[in-house]
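Please open the model in your viewer and keep the selection panel at hand. The tour below goes from one selection to the next and says what is found at each stop.

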Amino acid sequence: MAVERKVPSIIDNPMNFCPGCGHGIIIRLICECLEELGQDQNVIFAIGVGCSSNLGGGLVTDRLHCAHGRAGAVATGMKRVNPDNMVITYQGDGDAYSIGIAESFNAAYRNENITVITVNNTNFGMTGGQMSWTTMEGQKTTTSPHGRDCAVTGYPIRFPELVANEFRVAYAARGSVSSPARINALKGYIKNALEAQINKEGYSIVEVLSPCAVNWGMTPEEAMTHIEEDLTQYFPIGVFQDRRNQE
Amino acid sequence: MAEMMKGNIAIAEAAVRAGVRLYAGYPITPSTEIMEYLSGRLPEVGGAFIQAESELAGINMVIGGASCGVRALTASSGPGISLKQEGISILSDEELSAVVINVVRYGNGLGTLYSSQCDYNRETRGGGNGDYRCIVLCPSSIQEAVEQISLAYELAEKYRVVSVLMTEGALGQMMEPVDLPDFVEPKRNPWGFDGKYTYKKIGIFDRDSMKESVLLKEKYAAIKENEQRWESEGVEDADYVFVSYGLPGRSTLGAVRQLRDEGFRVGLIRPITAWPFPEKAFAEINPGVKGIITVEANATGQLVDDAALAIKKNSSANIPAYALTYVYGVPPIKSIKADFKKILNGEIREVY
Amino acid sequence: MKVNVNESRCKECGLCIAHCPKEAIYLRSEVNSKGYRTVVVREDKCIGCGMCYLTCPDGVYQILA
């Protein structure tokens, strides 16, 4: 007997992501969780700049397209005046960890009661695949044509671990969309993060390893395999700070 | 009963009374007392105060509050206002209303702590990317400033723009007797986010900039037509008309009155809105006027550009426009009078 | 019928085909309005497990109860 499954109405629209892009899966999971938590008519999104900007045409909720990198600050303002609304930032790795590292870091530092979803595809997707702060050592991008040299560009940043280790955030996890099992686990992380916000426990973040098949020069399937076999070695999947383990 | 109050404190309390319920910003002299005061005061009225990690974050928190329809405020000075330009451009693009207070200090880059009017061009032209204007109010007294806070929000909400209260370092730091305005009931703008998607938006990539530009042009034309504010004195029979705003506008008024007593036919236009610039005030000027003279606290002369354009619009004669620039501080009456006489004897040449 | 397929949304990424445990999905040769070859579900093989819904980034699938 099949179980009924339908894309939530707040995201049931065509969007302009590339074939095999993970964004569509991730935003669908967020909306499924909102629906299941009874919050789908009680949510404001602060959307980043980059491929996440494509949500503007698909997401049927309150939403603001923030300046590049500033979603952490914008969401802070939203949550402070509308504490009973769910406030979610939706950003890529370039938006949240490069140009927006200060705003992302400080929202976590304040333990702001918002949920941050970052889509990590190890490059700047929208502008055509430049190096980002999560680009893997040796990875070729349009601005690291000989492969990323970490000696001069720094090493890929692991943001959820950073805020989990340094600040008393409510919840920090990293998931992936690279297989059905990973997708199911990711949904659990996202739900947990949203519940932390509902319960006013503070800052929650879920980073998602997501394929960028076009800029990686791979088929969608190869891109999923690359996440599973290579990216998860450096970016471990799991929960780094679990609110349920705190007093 | 008027009470002696420091400018920044009076302005901050007036903001609370005007219904401001979110402040976010970063300290910078000479604006800091505004945020210091609000850090204690806003929580008392159920408002949100956030000490941001930067001015950039501060203005973006204001964007968050404004997008939810709340009266949101930030204040800064000099390079702090530079950092806020990105957010002011975003607010203008999203047609969100908010108020930014610039307690102007002198200098490029980091600048100095001296009171000045050097940010005139930036405030009146919109300092961020794109094609927008902010409504700019420039008070010449603490009393005028506290009355303009409410007005700044009303105009911002009427036209869905950002209003800038452009004060000066000295106005923020000095004390004067002031009657504070009454409390207004804080309200939510109906277009604010409430999580229920009652305020529809179109997709980021679905916007039609050509269509939007028509409405934008109409909006700014309406502001220009309806919202020019100024005070003038003695312009109908004047040989020379001074143009000056803020604290220099106040000392220029003193100079004009003394010069009148000495037999010189001079007048004053004191812009209360720097944008829209009060062009209409220039229609009242004596058609035989011999010159327009701006008095400005900056180095290069900025107000003079607008004054020259305004006299060009209102007179077919080629009226010379002079600029008396005093760099920083508030020019004393005697300096303005002495420099006026240099204009008369040809020592100071016209700019246009 | 266990699955509704919104062909107009399909971008031919093939993730559903890769994860279908019953090999019940294939690409047809005709293209949709976007120019992608779209998926077809073989009713005789489909068990309505929802793997296609789960892995599809573009909201092509609806699983019916």
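Begin by selecting strand β13, helix α10 (residues 303-314) and strand β14 of chain B, which together make a right-handed β-α-β unit; right-handed here means that, with the strands pointing away from the viewer, the path from the first strand over the helix to the second runs clockwise. Helices and strands are DSSP runs numbered from the N terminus, a helix being H or I over at least four residues and a strand being E over at least two.

Before going further, note that this is a predicted model, in which local features need pLDDT of at least 70 and side-chain atom pairs count only at pLDDT 80 or more, whereas totals for chains, interfaces and linings use all residues. Residues are numbered from 1 along each chain as its sequence is written, chains are lettered from A and ligands numbered from 1 in the order in which they are written, and side-chain values use heavy atoms, with hydrogens and water left out.

Keep β13 of chain B selected (residues 291-296): 6 of its 6 residues are buried, so the strand is largely enclosed by the rest of the structure. Buried means under 20% relative accessible area, exposed means over 50%, and partly exposed lies in between, with a 1.4 Å probe and protein chains only. If you show the side chains, B:Gly291, B:Ile293 and B:Val295 point one way from the strand, while B:Ile292, B:Thr294 and B:Glu296 point the other way, and all are buried.

Which strands pair with β13 of chain B? Strand β10 (residues 240-243) of chain B runs parallel to β13 and is joined to it by 4 bridges, and B:Phe242 has B:Ile293 as its bridge partner. Strand β14 (residues 321-325) of chain B also pairs with β13 in the parallel sense, over 5 bridges, and there B:Val295 stands opposite B:Leu324. Two strands count as paired if DSSP finds at least two bridges between them.

Next, select strands β2 (residues 22-25) and β3 (residues 48-51) of chain B, which pair in the parallel sense over 4 bridges. Between β2 and β3 the chain passes through helix α2 (residues 32-44) of chain B, and this β-α-β crossover is right-handed. Within the pair, B:Tyr23 stands opposite B:Phe49 of β3.

The loop between β2 and α2 of chain B holds B:Pro30, and a cis peptide bond, with omega about 10 degrees, joins this proline to B:Thr29. Another cis peptide bond, with omega about 0 degrees, joins B:Trp275 and B:Pro276; look for B:Pro276 in the loop between β12 (273-275) and β13 of chain B.

**Chain B as a whole**

Zoom out to chain B, whose secondary structure comes to 11 helices and 14 strands. Its C-alpha atoms fill a box of roughly 65 × 50 × 40 Å, taken along the principal axes, and buried residues make up 60% of its 352 residues.

**Chain C**

Now select chain C, whose mean pLDDT is 96, with 100% of its residues at 70 or more; pLDDT is the predictor's confidence in each residue, from 0 to 100. From the N terminus on, its elements run β-α-β-β-α-β. The radius of gyration of chain C is 11 Å, close to the 11 Å that the globule rule gives for 65 residues, so this chain is as compact as a globular protein of that length; the radius is taken over C-alpha atoms, and the rule is 2.2 Å times the number of residues to the power 0.38.

Two loop residues of chain C deserve a stop. C:Glu12, in the loop between β1 (3-5) and α1 (15-19) of chain C, has a positive phi of about 65 degrees although it is not a glycine, and at 30% relative accessibility it counts as partly exposed. C:Glu23, in the loop between α1 and β2 (25-31) of chain C, has a positive phi of about 50 degrees although it is not a glycine, and is exposed, with a relative accessible area of 62%.

**The chains together**

Finally, show every chain: among the 2 pairs of chains that touch, the most contacts are between chains A and B, a contact meaning heavy atoms within 4.5 Å. No contact joins chain B and chain C, whose closest C-alpha atoms lie 17 Å apart. The model scores ipTM 0.97 and pTM 0.97.
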